[in-house]
Amino acid sequence: MVDLATRKVPLTGRHGGSGTVRLTPAAAASRIALRAPDDSIAGLSKALGVKLPRKPKTSAHGHGRYALWLGPDEWLVIDDGGTELVALAASAGVLHSATDVSHRNTAIIVSGPGAQATLAGGCSQDLSLVAFPVGACSRTLFGKVEIVLLRLDEETFRVEVWRSFSDYAFGLLAEAAEDAGL
């Protein structure tokens, strides 16, 4: 029998918000940091079941998976069902680098009519619907931590953050949510 460390899910039991915004820890998910050249994108898209976006600030969604454009040859792929994404990417048989970051990241869902104002409490990026429409994503700063931000709908955002910074990010979001609720 092999003893394995059991990883505690960050932010377990944490909830916050105000009358206009809800903060909810997202369920555990599989994630890969994916790098690939242009000629590998079609094969990886097919293998992953989601078309890898090629334009800045865009994402794609399909089969319970999100692919977020982070750079000209870089994506964050998130699977809410816990699918083994590294193996799926490997099945493409094309040149790429896929690193499992499932236990490095966690996510916080920020939702409600005050979600945009809450995020503005720590993020200087313009998050208006015109500048940051549904499906937009970016790697940015929230307070003092790097996050990957995805707009899921008009009033809902997914904040991907490294688990070691998740308490800080959640606390700052909770404070901003209180201000947004005033």
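Select β6 (74-79), β10 (145-153) and β11 (156-162), since each of these strands supplies at least two residues of the lining of the second largest pocket; strands here are DSSP runs of E with at least two residues, helices are runs of H or I with at least four, and both are numbered from the N terminus. A pocket is an open set of points on a 1 Å grid over the protein atoms alone, with protein on both sides within 12 Å along at least five of seven lines, and its lining residues have an atom within 4 Å of a point. The model is a predicted one, in which local features need pLDDT of at least 70 and side-chain atom pairs count only at pLDDT 80 or more, while totals for chains, interfaces and linings use all residues. Residues are numbered from 1 along each chain as its sequence is written, and side-chain values use heavy atoms, with hydrogens and water left out.

Now show Leu70, Arg104, Arg139, Glu146 and Val148, which lie nearest the centre of this second largest pocket, among the 14 residues that line it. Its volume is about 160 Å³, a volume being the space filled by probe spheres set on the grid points, which are joined across faces, edges and corners. Coloured by class, its lining has eight nonpolar, one polar and five charged residues, where Ala, Val, Leu, Ile, Met, Phe, Trp, Tyr, Cys and Pro count as nonpolar, Asp, Glu, Lys and Arg as charged, and the others, Gly among them, as polar.

Strand β5 (residues 65-71) runs antiparallel to β6 over six bridges, and the two form a hairpin with two residues between them. β3 is also antiparallel to β6, joined by six bridges. Centre on Trp75 in β6, which has Trp69 opposite and also Leu34 opposite.

Of its 23 lining residues, Ala28, Ala29, Arg31, Ser102 and His103 lie nearest the centre. β3 gives the most to this lining, with three residues.

Definitions and conventions. 1 Å grid on protein atoms, 1.4 Å probe; cavity = no way out; pocket = protein on both sides within 12 Å on 5 of 7 lines; lining within 4 Å. Pairing = 2+ DSSP bridges.
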